[in-house]
Amino acid sequence: MFLRKYGIALLTLIMAVFLLAGCGGGSGANKSSDANKAGNQSSKIEYPTKAVTVVHGFKPGGGSDQLAQLVQPFLEKILKQQFVNEYKPGADGAIAWKEVSNSKPDGYTLTTCLTPKTQLNSLINPNAGYTMDGFEPIANIVFDPGILVV
């Protein structure tokens with residue numbers, strides 16, 4: 001009952017915390033550190049200051065899109081920025097993941113990775129255009145156990 005009643009809010013809060021934590025470790029943290037060395041006492045990193053793009057590797061209405069549509073209104077309210085969905089279906093998600101993997105690592109281009117597909121695409125197809133090193137995980141937002149059946 002508790003999970004049903006508060007699950008979405010809890011999920012959103014956890015995702016927001018990881019999202020912000022994931023964005024603070026990059027070059028922005030070094031800039032604020034350098035600013036402190038120069039005598040500037042302000043070390044607050046503002047994020048996001050513009051809309052965040054979420055690139056989906058599948059058509060609208062799919063699983064990743066449904067997840068985004070469920071979570072984004074809460075994130076927009078908390079972070080006070082818009083989340084814009086872009087759909088780049090094809091190659092079993094590899095087109096979108098290549099774009100995100102090769103984008104500037106500033107926290108403004110995100111994707112929902114279906115871990116087995118994302119990993120297998122890059123391992124099986126060396127021409128996929130991305131590797132798992134191009135991603136920085138920021139939150140596990142779905143638990144989807146796999147089972148073996150006969």
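Are Tyr47 and Tyr108 buried or exposed? I find both Tyr47 and Tyr108 buried (under 20% relative accessible area; exposed is over 50%, partly exposed in between; 1.4 Å probe, protein chains only).

I note that this is a predicted model, where local features need pLDDT of at least 70, side-chain atom pairs count only at pLDDT 80 or more, and totals for chains, interfaces and linings use all residues. Residues are numbered from 1 along each chain as its sequence is written, and side-chain values use heavy atoms, with hydrogens and water left out.

Next I looked up ring pairs. Rings of Phe, Tyr and Trp (its six-membered ring) pair if their centres lie within 6.5 Å; planes under 30 degrees apart are stacked, over 60 edge-to-face, the rest tilted. I get four aromatic pairs by this rule. Tyr47 and Tyr108 make a tilted one, 5.1 Å centre to centre with 55° between the planes. The charged end of Lys50 sits over the Tyr108 ring, 4.8 Å from its centre (the rule: NZ of Lys or CZ of Arg within 6 Å of the ring centre and within 35 degrees of the ring normal).

Then I turned to the cluster. Phe58, Trp97, Tyr130 and Phe135 form one aromatic cluster. I see Trp97 buried at 0% relative accessible area, while Phe58 is partly exposed at 22%.

Last, I checked Thr118. Thr118 is buried, at 0% relative accessibility. Beyond four places in sequence, its contacts (heavy atoms within 4.5 Å) include Trp97, Tyr130 and Phe135.
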